[in-house]
Amino acid sequence: MSQRDLRDPRDHREHGELGAVLRYWRDRTTPQEAGLPRGGARRAPGLRREELAQLAGLSVDYVTRLEQGRATAPSGQVVGALARALRLSEPERDHLYRLAGQAPPTAGHISQHIPPSVQRFLDQLGQSPIGVHDAAYNLISWNPLWAALAGDPSGWRGRERNYVWRQFTGLPSRTTHTPEQERRLRTALVSDLRSATARYPDDRGLRSLIADLRRESEPFRELWASHAVGFHKADTKTVHHPEVGRIVLDCDTLAVPGGDLRITICSAAPGTEAAQQLALLATLGLQTTGTALG
């Protein structure tokens with residue numbers, strides 16, 4: 001990108017370059033790179049607007065207005081979703097934030113950026129339900145099988161997408177835990193949030209989340225006060241799906257160094273009933289929405 005492309009972001013917005021750069025990056029991103037099937041004949045190799053909107057969890061009309069320069073000030077959450085959908089590098093992501101009049105994530109603040117190399121790794125695991133959370137456990141990305149299993153999160157807003165909030169405030173979930181599983185999970189989540197406060201001391205969203213959890217949830221308040229330390233271990237989850245029934249899956253949480261991403265992967269051993277149920281879910285697609293894999 002030339003020096004001209006890195007001038008004052010206000011100049012970019014005045015000349016509609018936010019829309020221009022979105023169109024350019026959309027045109028250069030192939031469906032395969034974005035984790036989508038290529039489909040039938042295409043007039044251009046890049047993503048369609050409908051596909052970018054789907055990947056970013058936005059309406060097609062809003063993406064159109066952004067590209068046409070009729071919407072010039074998207075929120076930070078929208079910019080982050082577009083950057084992930086377009087597989088932008090960190091410099092490109094930061095450039096997009098500036099074009100939108102937003103400050104790029106900095107040290108001391110939680111990043112929701114998924115590096116393209118990590119996204120390619122996730123794409124290769126597409127036969128398993130996968131959800132990606134940031135360091136505060138906000139759900140920032142998921143694949144279609146995760147949505148089919150857990151309920152489509154695309155309509156959730158704010159705290160509804162926060163895994164810790166859902167765990168401690170009783171929001172609906174298709175998953176049940178044994179008392180021991182719940183104890184281990186909650187202890188690990190609280191321990192992770194405490195560690196995140198040390199790494200991201202300037203993140204107001206994280207501080208607000210913890211303050212609200214301490215006010216709303218007695219179990220969270222007690223674990224926070226006890227300075228409990230826990231670690232995520234491989235475990236099973238029992239999911240009660242409205243179409244497929246009871247599914248017992250192995251679930252592993254992987255940590256990505258640097259950005260502090262948490263990747264949850266659910267799987268089933270080949271030949272088992274759970275494997276057959278996942279295969280059925282992959283063909284059924286989304287049936288019901290609004291509940292979460294807890």
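Which residues touch the most other members of the largest nonpolar core? In this predicted model, local features need pLDDT of at least 70 and side-chain atom pairs count only at pLDDT 80 or more, while totals for chains, interfaces and linings use all residues. Residues are numbered from 1 along each chain as its sequence is written, and side-chain values use heavy atoms, with hydrogens and water left out.

The answer is a set of leucines: Leu22, Leu58, Leu66, Leu82 and Leu96 touch the most other members of this 24-residue core. A nonpolar core is here a set of buried Ala, Val, Leu, Ile, Met, Phe, Trp, Tyr and Cys residues joined through side-chain atoms within 4.5 Å; buried means under 20% relative accessible area, exposed over 50%, and partly exposed in between, with a 1.4 Å probe and protein chains only. At least two residues of the core come from each of H2, H3, H4, H5 and helix H6 (90-99), and H5 gives the most, with 6 residues. Helices (H or I, at least four residues) and strands (E, at least two) are DSSP runs numbered from the N terminus. Leaving aside residues up to four places away in sequence, Leu22 touches Leu66, Glu67, Leu82, Leu86 and Leu96, contact meaning heavy atoms within 4.5 Å. Tyr163, Ala196, Tyr200 and Leu209 are included in a second, separate core of 22 residues.

Among the buried residues of H2 are Leu18, Val21, Leu22, Trp25 and Arg26. In helix H3 (residues 49-56), Glu51, Leu52, Ala53 and Ala56 are buried, and the buried residues of H3 pack against H2, H4 and helix H5 (76-85).

Charged pairs come next. A salt bridge is a side-chain nitrogen of Lys or Arg within 4 Å of a carboxyl oxygen of Asp or Glu, and the structure holds 16 of them. In one of these, the closest N and O atoms of Arg26 and Glu67 are 2.6 Å apart. Arg26 lies in helix H2 (residues 17-28) and Glu67 in helix H4 (residues 60-67), 41 residues apart, and both residues are buried. Asp235 and Arg184 also meet in a salt bridge, at 2.5 Å from N to O; this pair joins strand S4 (residues 235-241) to helix H10 (residues 179-199), 51 residues apart. Asp235 counts as partly exposed at 22% relative accessibility, as does Arg184 at 28%. A network of salt bridges links Arg159, Asp212, Arg215 and Glu216.

Aromatic rings complete the picture. Rings of Phe, Tyr and Trp (its six-membered ring) pair if their centres lie within 6.5 Å; planes under 30 degrees apart count as stacked, over 60 as edge-to-face and the rest as tilted. For Phe168 and Phe220, the centres are 5.3 Å apart and the planes at 85°, so the pair is edge-to-face. Phe168 is buried at a relative accessible area of 7%, and Phe220 is buried at 0%. Ring pairs join Phe168, Phe220 and Trp224 into a cluster. Arg194 lies over the face of Trp224, at 4.0 Å from the ring centre; a charge sits over a ring if NZ of Lys or CZ of Arg is within 6 Å of the ring centre and within 35 degrees of the ring normal.
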